[in-house]
Amino acid sequence: MKFLLFILVGIHLLSFNSGKSIYKNDILQKTFQEIKEEIAHYRDVAKAIIDLAVYGKAQNRSYERLALLVDTIGPRLSGSQNLEKAIQVMYQNLKEDGLENVHLEPVKIPHWERGEESAVMLEPRMHKMAILGLGSSIGTSPEGIIAEILVVTSFDELQRRAPEARGKIVVYNQPYTNYSKTVEYRVRGAVEAAKVGALASLIRSVASFSIYSPHTGIQEYQDGVPKIPTACITVEDAEMMSRMISRGSRVVIQLKMGAKNYADADSFNTVAEIIGSKYPEQVVLVSGHLDSWDVGQGAMDDGGGAFISWEALSLIKDLGLRPKRTLRLVLWTAEEQGGIGAFQYYQAHKANISNYSLVMESDSGTFLPSGLQFTGSEKARAIMKEVMSLLQPINITQVLSAGEGTDINFWIQAGVPGASLLDDLYKYFSFHHSHGDTMTIMDPKQMNVAAAVWTVVSYVVADMEEMLPRF
């Protein structure tokens, strides 16, 4: 049976590339040439979207909408009143925008609060350090922890020096290579330090650039391993303490953290649609997450992504367009805790997975995009390259790999094509999860362009006669 399936798939791939159409489940499958010609007919629509978003009456709208929300409500931590207030405001905004099937889907999400926190170097000199506790960390006693530090640059070094770690605070001064590799120290740092008997861990902020700015984020404990307090410190302090230790100095820190974990809280994923005209049961999903960390304003991460996703539906509605399949906006809750809201959405909707043509998430900034990241079959990638060619007027046509996102990975792993914006990651991780994530770093003109890309891609894929191929 497996060999037969391989032959059938091979025949289908061959026909796609050779320009010969075949039947599958009694439905005529278009050749690639026919699909190219179909996509080319969207050039006028794409131009109309670009003109409206970048040069027309809708320019700066996503920026202004975002500024109003984050200036009024502020950061939106999972389990907080701010997050739930933002969800209710967005629910009203989407209804007032005239979108369809606006509703809230209930989920349970983590509730953690950082409380008061401080870290003070007591030896070899007094120095008050900037810190941010990491999400889900436990706190210290009111008196805090006073201990000598052990500085390491890797997990391997920690293992080699394990006997030295007992009873100390482990400080990770790992170099920044890229986010996906370096973030392992934030996620696993406390567990690895606890395994060798450390009292707490302090992690050099996972950031591409620092102006004495700590960067928070989620960390994970492990069953069977003692839970110890953990926080991020600045790049500058991590490097300074490393230099002190290398000179033979004894460094002692007092760490106080009031962090607490509470029972899971009630929350919602926020949903709105433009219902499809021909295949309403089929879906193209556009998304961003509404929650943020409790520092800064959550403007970049991920207010921008959430608001250009809303803007995509607004632009399509403004132009009087209605795609053949449903365009669904989802504003996720509790992404920062590991895609908690998105996982519950997937569990509730996965029975209809065959009807999802494309899942899209913008969660890497809405600066000037350089292209689209995409995960899917080679046939789907070839189609997406044709779709992106429609964005030639604004010179953003690249299709690259790695379209995954925390909230859409569940669908991608199950075979649904996925896409995300490719953005300026150096700038993004300079402000990521820090006090610097505010409207000041957002650029309305760049958001206009990001919204145009997002809208063209989502509309064309939703309106094409056939869904994106998965094989």
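I take buried to mean under 20% relative accessible area, exposed over 50%, and partly exposed in between, with a 1.4 Å probe and protein chains only. My helices (H or I, at least four residues) and strands (E, at least two) are DSSP runs, numbered from the N terminus.

**Ground rules.** I am looking at a predicted model, where local features need pLDDT of at least 70, side-chain atom pairs count only at pLDDT 80 or more, and totals for chains, interfaces and linings use all residues. Residues are numbered from 1 along each chain as its sequence is written, and side-chain values use heavy atoms, with hydrogens and water left out.

**Helix H9.** I started with H9, where the buried residues are Val235, Asp237, Ala238, Met240, Met241 and Met244. I checked its span too, the expected value being 1.5 Å times one less than the number of residues. The twelve residues of H9 should span 16 Å at 1.5 Å a residue, and the end C-alpha atoms are 17 Å apart, which agrees. After H9 comes Gly248, with a positive phi near 95 degrees.

Eight strands form an open sheet with mixed pairing, and I read the order as E5-E4-E11-E7-E8-E9-E10-E6. Strand E5 (127-129) and strand E6 (131-133) are at the edges with a single partner strand each, so one side of each has no neighbour in the sheet. For angles I use axes that are lines fitted to C-alpha atoms, for helices over the stretch in contact, and angles run from 0 to 180 degrees between N-to-C directions. On average, neighbouring strands of this sheet are turned by 30 degrees against each other, direction ignored.

I then zoomed in on one pair: strand E8 (residues 169-172) and strand E9 (residues 200-204) run parallel and are joined by four bridges. Val171 has Leu202 as its bridge partner in E9. H9 (residues 235-246) packs on this sheet, and among the strands it touches are E7 (145-152), E8 and E9. Contact here means heavy atoms within 4.5 Å. The direction of H9 makes about 85 degrees with that of E7.

**Other strand pairs.** Strand E12 (residues 260-274) pairs with strand E3 (residues 100-113) in the antiparallel sense, over eleven bridges. I noted Val107 and its bridge partner Ser267 in E12. E12 also pairs in the antiparallel sense with strand E14 (residues 325-332), over five bridges. There Ala272 has Leu329 as its bridge partner in E14.

The side chains of Ser210 and Glu236 share one of 2.8 Å. A polar atom of the Ser210 side chain also lies 3.3 Å from the backbone nitrogen of Ser213.

Phe209 lies in that loop as well, and counts as partly exposed at 41% relative accessibility. Leaving out residues up to four places away in sequence, Phe209 touches His215, Tyr426 and Ser430.

**Helix H15.** Last, I found 17 of the 20 residues of H15 buried, so this helix is largely enclosed by the rest of the structure. Asp443 caps the N-terminal end of H15, with a side-chain oxygen 2.8 Å from the backbone nitrogen of Lys445.

Definitions and conventions:
Pairing = 2+ DSSP bridges. Polar contact = N/O pair within 3.5 Å; in protein donor to acceptor, adjacent residues only side chain to side chain.
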